[in-house]
Amino acid sequence: MGWRPTPTPRVPGELGSRGSGLTSGTVFGDRYHLLTLVGRDEAAGAELWRGWDVTLERDVAVTLLVGGAGQEAAAATATTRALRAAQFDHPARARVLDVLPPRSPGLPHGVIGAAVTDWIPGPDLAELVAVGPLRPSVALQVVQPLAAAVAAAHQAGFVLGCDHPQRVRLSAADTARMAFALPRADVCGDDDVHGLGAALYLLLTGHWALPGPPPAALPAAPRDADGGPLPVRELRPSIPVDVSALVDRALDRDSGIRTAAAVAQLLAYLLANLQDDQVLLPIAEEGAQVGVDTHTVWQPESGPAPVPDPARRRKLRIGMTLVVLATVLALGWVGIKMSSLLGGGSAAAPVVVVGPTRTPPPTHPAASGPPAAPAPPA
């Protein structure tokens, strides 16, 4: 059978105390061993496990749909969509290795569907913010590849279901990757867009902004009078205005951003032009331990970010405009001088005078023969 890691025992009261009742070491499908329960998506009726594939002898990510016969129709829809989406490949999405629809041989009792994907060894988003919110530029860098994956999936006709923080884990390059398959059966493209906004909101504030009970014991975002999450800058005033606007609009279900492609484009633009948060490179905390894995994570912001100075920006724009105008004038003057030199000295156009036509005087042809010798001197 080959070597396999020792299952991690589950602590009573932690994740997994409800639901399927499965424990570490459970085997299903004749090849997958459950090791550690790492998350739960209540809306999808799903448990998220780290597992071990005894055939390939490697870690895998396992999504189990838990329920009874009454939920099999929804599970069949979810597994069918997962089978179709398995052909979609992107660096920011874990590869789907296996999908087991309802009543598949080898499914444990109480499990009505399963999917197996590559294991992403980094922390999930909930674990990442356990040490504190991230710098704005770092949060944008983390989410940008995931937004690109969602945009590409939507263009191909698929939905990823990235509206849960424990389904998204950090890759070795410290960027977000979609780690678990089988989102809820009715998930749609708008849910992915709102999920991207919620991921940014979480990384910037440490609060979960989507409706419903917050997963992974995360604090829920404070709500305004209309029931929506408070704007990011009300929780953290140092956030740049443009970053806050992107997050708030991605979460707005009425008049916000409607496509993942727009989110991806705005993320790229902000990363290229963000000035209020000067540190664009990640600052790593060496040897930090997050969750069950040792992983280098982003260091949270140690102090307030620089406050934008509108007067300073206005002076900078005026100065740059004057520099551009001076450069254009200088280049024009050089062009005129070069044209004068290459034209032989005078650049003036010839003057044409229109008047009566005059007959030129007759000309006499010169006599043929040698020229007459000069007269001798007197």
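The questions and answers below concern this predicted model.

Reader: At what angle do helix α4 and helix α7 pack?

Author: Helix α4 covers residues 189-205 and helix α7 covers residues 260-273. Their axes lie 9 Å apart, and α4 passes α7 in a left-handed crossing. The angle at which the two helices pack is about 35°.

Reader: Into which classes do the residues of the contact of α4 with α7 divide: nonpolar, polar or charged?

Author: On the α4 side, the contact is made by Val-193, Leu-196 and Leu-200. On the α7 side, Ala-260, Val-263 and Leu-267 take part. Val, Leu and Ala count as nonpolar. The contact therefore holds no polar and no charged residues, and six that are nonpolar.

Reader: How is the aromatic pair of Phe-28 and Tyr-32 classed?

Author: A search of the whole structure finds two aromatic pairs, and Phe-28 with Tyr-32 is one of them. Their rings lie 5.4 Å centre to centre, with 40° between the planes. Planes under 30 degrees apart would count as stacked and those over 60 as edge-to-face, so the pair is classed as tilted.

Reader: Are Phe-28 and Tyr-32 buried or exposed?

Author: Phe-28 has a relative accessible area of 1%, and Tyr-32 has a relative accessibility of 3%. The cut-off for burial is under 20%. Both residues therefore count as buried.

Reader: How many residues apart are Phe-88 and Phe-158?

Author: Phe-88 and Phe-158 form a tilted aromatic pair, 6.3 Å centre to centre and with 50° between the planes. Phe-88 lies in the loop between α1 (72-85) and β5 (96-100), whereas Phe-158 lies in the loop between α3 (136-155) and β7 (168-170). Phe-88 is buried at 10% relative accessible area, and Phe-158 is buried at 14%. The pair links distant parts of the chain, its residues being apart by 70.

Reader: Why is strand β6 described as largely enclosed by the rest of the structure?

Author: Strand β6 comprises residues 111-118. The strand is described as largely enclosed because the number of its eight residues that are buried is eight.

Reader: Which residue stands opposite Ala-114 in β6?

Author: Strand β4 (residues 58-66) pairs with β6 in the antiparallel sense over seven bridges, and there Leu-65 stands opposite Gly-113. Strand β5 also runs antiparallel to β6, joined to it by four bridges. The residue opposite Ala-114 is Leu-100.

Note on methods. Residues numbered from 1 in each chain as written. Predicted model: local features only at pLDDT ≥ 70, side-chain atom pairs only at ≥ 80, totals over all residues. Heavy atoms only, no water. Axes fitted to C-alpha atoms, helices over the stretch in contact; angles between N-to-C directions. Left-handed = near helix turned anticlockwise from the far one by under 90°. Contact = heavy atoms within 4.5 Å. Phe/Tyr/Trp six-rings, centres within 6.5 Å; stacked < 30°, edge-to-face > 60°. Buried < 20%, exposed > 50% of the residue type's maximum accessible area, 1.4 Å probe, protein only. Pairing = 2+ DSSP bridges.
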